[in-house]
Amino acid sequence: MSGRDTQAIKAALVLQGGGARGAFTSGVLDVFMEHGLDFPYVIGTSAGALCACNYISGDKGRNRFVCTELLTDPKFVSVRNLLFKRTAFNFNYLFFTVPKDIYPFSEEKFFEDERPFFAACTSMKTGEAIYFDKRKMDPKDFYTALSASASLPLLAKPVNVAGEKCLDGGPAAAVPFHKPFEDGYEKAVVVLTRARGYRKQPLKSLNYRLGKALYRKYPAFLAKFKAGPDVYNADMDELARLEAEGKVFIIQPDGAPHVAVAEKDTEKLVALYEEGKAVAERLLPKLRKYLGVADE
């Protein structure tokens, strides 16, 4: 990443989760890197937080590999993992084996980067969002926070992060745009992985019963898990208002992505990545104007 626009940009970058739909975000972030758009504040939930790592490290193209190839690798995501490890995701494989043996990650550059970068999780104890700050954690603990942020309910067991048991940030902060405004930012660029107008349906009773069986010791989390769709829909309504007021710039798929949370179809994943690139390229002139960044 060139970093030439870092001082000019006065907006936060907010990245939604969405599992395999993070392939769209991957395409958007690669365009940002190609054009030197270096945001001074980054926050993400779940897949959004994972994609942010390669953006901050400047490893252009690595997100494409993770979201279109690694997601189909059973060593990373599989039913076998769920059966034998109580989590579908092998994050040790993602964070330690893959960078060493398969696809390098600029780890030193990532952890030396001093900008605020937060991974959003949901507390099992309170059901509220917790934002883990890379600047205030050692690498091992921050990798654990990233694991928690991307550990989807029903597909993972709670993750202990610095003494706080957490799961995926989705129930409490699927799109973590509130925090940058609380931290003093007046503008945010928000990358969504759902099409405009999408709203969630109420949680299916079967999913709630499964959640209750798995997380019965955590009533506050269960309440937020059940209320998650309502929280999400209210946030989408607020984002629409903020967009109308010029406080957020939203980038999202043109139509409903035909990609499941744990999609294994490589062609679909590649197509969604390419859509992310195309949408970002198309919106780039408007985005530069919004950010007050000169054209190249």
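## The largest pocket

By class, the residues that line the largest pocket of this predicted model comprise 14 nonpolar, eleven polar and six charged ones, where Ala, Val, Leu, Ile, Met, Phe, Trp, Tyr, Cys and Pro count as nonpolar, Asp, Glu, Lys and Arg as charged, and the others, Gly among them, as polar. The lining has 31 residues, and those nearest the centre of the pocket are Arg 21, Arg 194, Lys 200, Leu 203 and Val 261. The space in this pocket comes to about 860 Å³. A pocket, on a 1 Å grid over the protein atoms alone, is an open set of points with protein on both sides within 12 Å along at least five of seven lines, while a cavity is a set of points where a 1.4 Å probe fits but cannot get out, and lining residues have an atom within 4 Å of a point. Grid points are joined across faces, edges and corners, and a volume is the space filled by probe spheres set on the points.

Helix H8 (170-173) and H11 each supply at least two residues of this lining, and the largest share, four residues, comes from H11. Helices (H or I, at least four residues) and strands (E, at least two) are DSSP runs, numbered from the N terminus.

## The second largest pocket

The second largest pocket has a volume of about 350 Å³. It is lined by 18 residues, of which Thr 87, Phe 89, Phe 91, Asn 92 and Ser 147 are the closest to its centre. H5, helix H7 (139-149) and strand E5 (159-161) are the elements that give two or more residues to this lining, which divides into eight nonpolar, seven polar and three charged residues.

## The cavity

A search of the whole structure finds one cavity of 30 Å³ or more, and about 380 Å³ of space lies in the largest cavity. Among its 26 lining residues, Leu 50, Val 66, Phe 76, Phe 91 and Leu 94 are the closest to the centre. Two or more residues each come from helix H2 (47-57), helix H3 (62-68) and helix H5 (91-101), with H2 giving the most, five residues. The lining of this cavity consists of 21 nonpolar, four polar and one charged residue.

Asn 233 is found in helix H11 and counts as buried at 15% relative accessibility, buried meaning under 20% relative accessible area, exposed over 50%, and partly exposed in between (1.4 Å probe, protein chains only). Leaving aside residues up to four places away in sequence, Asn 233 touches Arg 199 and Lys 200, a contact being heavy atoms within 4.5 Å.

In helix H11 (residues 219-244), Glu 238 and Arg 241 lie three residues apart, about one turn of the helix, and they form a salt bridge whose closest N and O atoms are 3.5 Å apart. A salt bridge is a side-chain nitrogen of Lys or Arg within 4 Å of a carboxyl oxygen of Asp or Glu. Arg 241 also meets Glu 245 in a salt bridge (3.1 Å, N to O). Salt bridges that share partners join Glu 238, Arg 241, Glu 245 and Lys 247 into one network.

## A buried salt-bridge pair

The count comes to 13 salt bridges. One of these joins the side chains of Asp 113 and Arg 115 (2.8 Å, N to O); Asp 113 is buried at 17% relative accessibility, and Arg 115 is buried at 11%.

## Basis of the values

Residues are numbered from 1 along each chain as its sequence is written, and side-chain values use heavy atoms, with hydrogens and water left out. For this predicted model, local features need pLDDT of at least 70 and side-chain atom pairs count only at pLDDT 80 or more, whereas totals for chains, interfaces and linings use all residues.
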